[in-house]
Amino acid sequence: MAMETTTPEGGPSPTPTPPRRVAAAAPYFLVLPGWLWLAVFFVVPIVSMVTMSLMSGSLVRGFSLTFEFGNYADAVATYWGQILRSLFYGGCATLLCIAIGYPVAYWIAFRGGAYKSTYLLLLLLPFFVSFVLRTISWGFLLADDGVLLGTLKDIGLLPDGTRVLNSAPAVVFGLAYNFLPFMVLPIYAVLERMDHRLVEAARDLYAGRVQAFVRVVLPISLPGVFAGVIMTFIPSSADYINAKVLGGTHNTMIGQVIESQYLVNNAYPMAASITFILMAVLLIGIFSYARALGTEQVMEAQAR
Amino acid sequence: MSTTDIPVSTDAPDPFERTGPAPRRSRRAVDWGKYFTWLVLAWLFAPIVFMIAFSFNDVQGRHNVTWQGFTLRWYEDALAYPDLTTALLNSLAIALLTMVIAGVLGSLLGLALGRYRFRGQGTTNLVMFAAISAPEVVLGAALLSLFLTMNVATGFLTILLSHVMFTVSFVAITVRARVLTLDPSLEEAARDLGATPLTTFRLVTLPMLAPAIMAGGLIAFALSIDDYIITSFVSGNVQTFPLWIWGATRVGIPPQVNVMGTLIFAVGAVLAIVNIVLARRRA
């Protein structure tokens with residue numbers, strides 16, 4: 001049944017010698033285990049989450065599927081603040097990542113010279129420390145009487161009441177910190193492969209440094225930026241570790257709500273509908289974005 | 001996409017003069033990019049330096065925030081919390097198993113995606129893309145929904161299943177990228193010299209893919225051992241290293257956490273540096 005789909009000129013290197021039937025079935029044997037795994041543990045869970053979001057009942061009485069669409073209305077009505085805040089913090093962190101990550105990627109790609117890989121290693125080295133531990137470390141570092149603020153206050157550089165923790169900027173900077181490599185690496189990958197003579201050509205044609213950048217380098221690097229935006233915006237707007245550690249009680253993000261509804265309150269239908277809303281908002285946005293740019297291209301840039 | 005056919009770069013009169021501009025320019029201006037990069041690196045290393053320094057802090061109790069003097073006793077007592085040790089071992093076991101399972105499944109996927117055209121290829125790419133870009137909290141919530149619906153008790157096994165699920169696509173993409181750059185003439189040569197398809201795969205294709213498979217496996221390992229969010233949803237009563245640390249924050253983190261963090265960081269750093277040095281020597 002699958003035989004007619006694999007033509008000899010189909011792949012980059014056709015395998016014509018073995019019997020045709022086997023050759024035609026080969027890709028299916030290769031992908032089958034991975035397919036099954038992704039189907040059972042990715043597609044089915046999403047479906048069961050959607051089903052769960054339409055249930056009603058409680059942990060004690062049990063849950064039953066009643067197509068309770070009211071869960072969604074309740075979720076939006078109760079948690080729209082946290083949803084918007086998450087998107088806002090995620091967006092700010094993504095912009096911050098571009099502002100910090102682009103110059104770094106540019107400098108390493110163009111001026112790193114023989115030390116490119118060393119700089120990349122230095123950039124990635126901090127991320128060998130566990131995500132949770134890194135974030136908690138920031139929390140300790142920025143504590144009101146900690147090493148940083150305590151010392152600055154002792155010298156008199158900061159007034160005594162200064163606080164950094166439990167504020168929105170602390171959360172945004174924490175998010176940007178944790179997801180910075182996802183922005184730097186795709187941009188770097190694009191810039192590194194770019195033909196640097198193009199810049200020279202632009203300069204020879206009397207473009208200024210700014211013009212050469214805006215009209216040559218920037219357009220070429222945009223796919224990297226797009227990939228970086230996906231890779232930082234999604235995880236940072238759904239993250240709740242940073243908000244919990246650095247944001248205190250007034251900067252709750254939607255991930256936190258989902259976690260506590262699932263694991264503390266056991267309000268599964270409500271939790272599932274919030275999760276579905278978050279997923280829908282993020283994935284629909286991202287898919288239309290990726291469609292416009294070409295999924296392959298974005299994934300390719302991610303892989304490097 | 002190809003940039004080699006840009007006319008300006010090819011009909012340059014004197015190729016040697018053309019290599020000049022970059023250094024010429026940097027001699028003229030201050031290299032702000034360098035300072036900026038170092039500043040960013042300092043920012044990235046700040047909490048790490050703090051963590052390492054405070055693993056030597058002679059602190060009383062578990063509120064390890066102000067410097068009280070140098071000590072090595074936390075290193076001597078590194079294993080003083082049996083729970084913490086168990087959690088670390090759990091993390092290692094799960095990460096190793098994830099590396100192996102996701103490594104095999106992902107390599108097969110990557111090989112098929114890079115080499116063949118087949119039905120469902122677009123869907124496979126799409127599902128992998130979705131699995132990679134879906135936020136962790138969504139994956140965790142969805143998996144927990146499944147396990148609750150199916151009445152599966154969460155624990156070591158569910159963590160492993162989940163970790164393989166969210167890492168397998170990363171392996172597949174890494175391997176696929178390598179498959180796409182393979183030179184088909186090498187395999188043709190092997191077959192011309194009488195090798196069977198299986199022998200060709202074993203002696204020619206596999207060795208060329210090995211670096212990508214290794215890299216994919218290491219990515220899977222790193223993602224697995226570091227994961228908090230998905231794991232927290234599907235862990236049941238089983239503790240992993242990140243979960244234990246998180247749980248400990250409520251009562252204050254013992255300095256042993258800094259010690260373990262420092263040791264893990266040191267091992268990772270040494271491995272990465274050795275890897276780079278070896279790569280440089282080979283090149």
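Predicted model: local features only at pLDDT ≥ 70, side-chain atom pairs only at ≥ 80, totals over all residues.
Followed along the sequence, the order of elements in chain A is α-β-β-α-α-α-α-α-α-α-α-α-α-α. The two strands of chain A, S1 at residues 55-58 and S2 at residues 62-65, pair with each other in the antiparallel sense over 4 bridges. Together S1(A) and S2(A) make a hairpin, with 3 residues between them, and within this pairing A:Gly57 stands opposite A:Phe63 of S2(A).

A:Phe67 is not a glycine, yet its phi is positive, at about 50°. As for its surroundings, A:Phe67 counts as exposed because it has 10 C-beta neighbours inside 10 Å, and 12 or fewer such neighbours make a residue exposed. A second residue with a backbone of this kind is A:Asn166, also other than glycine, whose phi is positive and near 60°. A:Asn166 sits in the loop between helix H5 (147-155) and H6 of chain A. With 17 other C-beta atoms within 10 Å, A:Asn166 is partly exposed, because that class lies between the limit of 12 or fewer for exposed residues and that of 20 or more for buried ones.

Taken as a whole, chain A has 304 residues, of which 45% count as buried. Among its contacts between residues at least 6 apart in sequence, 69% join residues that are at least 24 apart.

Which residues touch the most other members of the largest nonpolar core? They are A:Ala105, A:Ala176, A:Ile274 and B:Ala141, in a core of 154 residues. Helix H6 (residues 168-193) of chain A supplies the largest share of this core, with 18 residues. Leaving aside residues up to four places away in sequence, A:Ala105 touches A:Val184, A:Ile187, A:Tyr188 and A:Leu191.

The contact between the two chains takes 91 residues from chain A and 87 residues from chain B. On the side of chain B that touches chain A, helix H4 (residues 32-53) of chain B gives the most, with 13 residues. That side of chain B divides into 60 nonpolar, 17 polar and 10 charged residues.

For chain B there are also annotations from UniProt, in an unreviewed entry, which places the feature "domain: ABC transmembrane type-1" at residues 88-275. Over residues 88-275 of chain B, the model is 83% helix and 0% strand, and the end C-alpha atoms are 24 Å apart. Under "transmembrane region", the unreviewed UniProt entry lists residues 35-56, 92-114, 126-148, 154-175, 203-225 and 259-278 of chain B. How much helix and strand does the model have over residues 92-114 of chain B? That span is 100% helix and 0% strand, and its end C-alpha atoms lie 31 Å apart. Residues 259-278 of chain B are likewise 100% helix and 0% strand, with their end C-alpha atoms 28 Å apart.

Note on methods: Residues numbered from 1 in each chain as written. Chains lettered and ligands numbered in written order. Contact = placed C-beta atoms within 7 Å. Nonpolar A, V, L, I, M, F, W, Y, C, P; charged D, E, K, R; others polar. UniProt positions renumbered as here; feature names shortened; annotations may be inferred. Pairing = 2+ DSSP bridges. Core = buried A, V, L, I, M, F, W, Y, C linked by C-beta atoms within 7 Å.
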